[in-house]
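Okay, thanks everyone for coming.

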Amino acid sequence: MEEREYLEHYEQRLEALVASLQGSEGRLMDIDELEERWHDMAPEYMADAVSQINSYPAFTLAVPAYVGMALATWWDKNWNAHKATTYADLSRLGGGFDTIDEYILKAVIGVEPESPEREEIEESLRTLAHTVMTAIMHEDIEKQTTRAFYILARSARVMFRAGVTLQLKRLGYRYEKVPVTAPIVN
């Protein structure tokens, strides 16, 4: 199996696993504008992630989900005002990598510290991050290799989508099957 195929297969399996844990019927929500922002943000995130993953693996994997939640909130409320926000902006406003989650939950999403809602979100993301850590370990990849880097990047993208899905569900969005009928002819 080629490396690209391997990585795509890994990401698909991981997404299905994460989606099932979220009760998302095997798929996470996919919003083009948000995917584009993550594509732009990912290199800055990866620079932080590579230096933090060994010391704080679960938190490092949860950060993209928090970023996804922030972008989903802005997409729902006022995308034009926030669509140019960068990962560096979020990190700076949040006081750095270590506290970006607290900033996003309170300042962006509006969830108060010590609230049951916050505890529920944090527990959900912690569970997902530990699940992703386990999936990465089962890949039996040598640390500090190119493959390890790309597995981390693919895992981060899945966690980003998980954050988007979590927040959009909280805001009332959901996937719905729509019956396809014959086209309307004028």
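So, at roughly what angle do the axes of helix 2 and helix 7 cross, and within what distance do they come? Keep in mind that this is a predicted model. The answer is roughly 130°, with the axes coming within 10 Å. Helix 2 here is residues 32-52. An angle over 145° would count as roughly antiparallel, so this pair is oblique instead. The crossing is right-handed.

Who touches whom? On the helix 2 side you've got Leu34, Glu35, Trp38, Tyr45, Met46, Ala49 and Val50, and among their partners in helix 7 are Phe149, Leu152, Ala156 and Phe160. By class, that contact has 12 nonpolar and 3 charged residues, and no polar ones.

Okay, next partner: helix 3, residues 57-82, against helix 7, residues 146-170. Their axes come within 7 Å and cross at roughly 40°.

Now, something about helix 3 itself. Where does helix 3 bend, and by about how much? The bend is at Asp76, and it's about 95°. You can see it in the end-to-end distance too: with 26 residues, a straight helix would reach 38 Å, but the end C-alpha atoms of helix 3 are only 28 Å apart.

From helix 6, the residues in contact include Ile121, Leu125, Leu128 and Val132, and from helix 7 they include Ile151, Met159, Ala162 and Leu166. By class you get 10 nonpolar, 2 polar and 2 charged.

One last stop, away from helix 7. Tyr103 sits in helix 5, residues 100-109. Setting aside neighbours within four places in sequence, which residues is Tyr103 in contact with? They're Leu90, Leu93, Gly94 and Val108. And if you're wondering about Thr60, it's 43 residues from Tyr103 in sequence, and the two C-alpha atoms are 15 Å apart.

Terms used: Residues numbered from 1 in each chain as written. Predicted model: local features only at pLDDT ≥ 70, side-chain atom pairs only at ≥ 80, totals over all residues. Heavy atoms only, no water. Axes fitted to C-alpha atoms, helices over the stretch in contact; angles between N-to-C directions. Helix = DSSP H or I, 4+ residues; strand = E, 2+ residues; numbered from the N terminus. Expected span 1.5 Å × (residues − 1). Bend = angle between axes of the 7 residues up to and from the residue. Contact = heavy atoms within 4.5 Å. Nonpolar A, V, L, I, M, F, W, Y, C, P; charged D, E, K, R; others polar. Parallel < 35°, antiparallel > 145°, perpendicular 65-115°, else oblique. Left-handed = near helix turned anticlockwise from the far one by under 90°.
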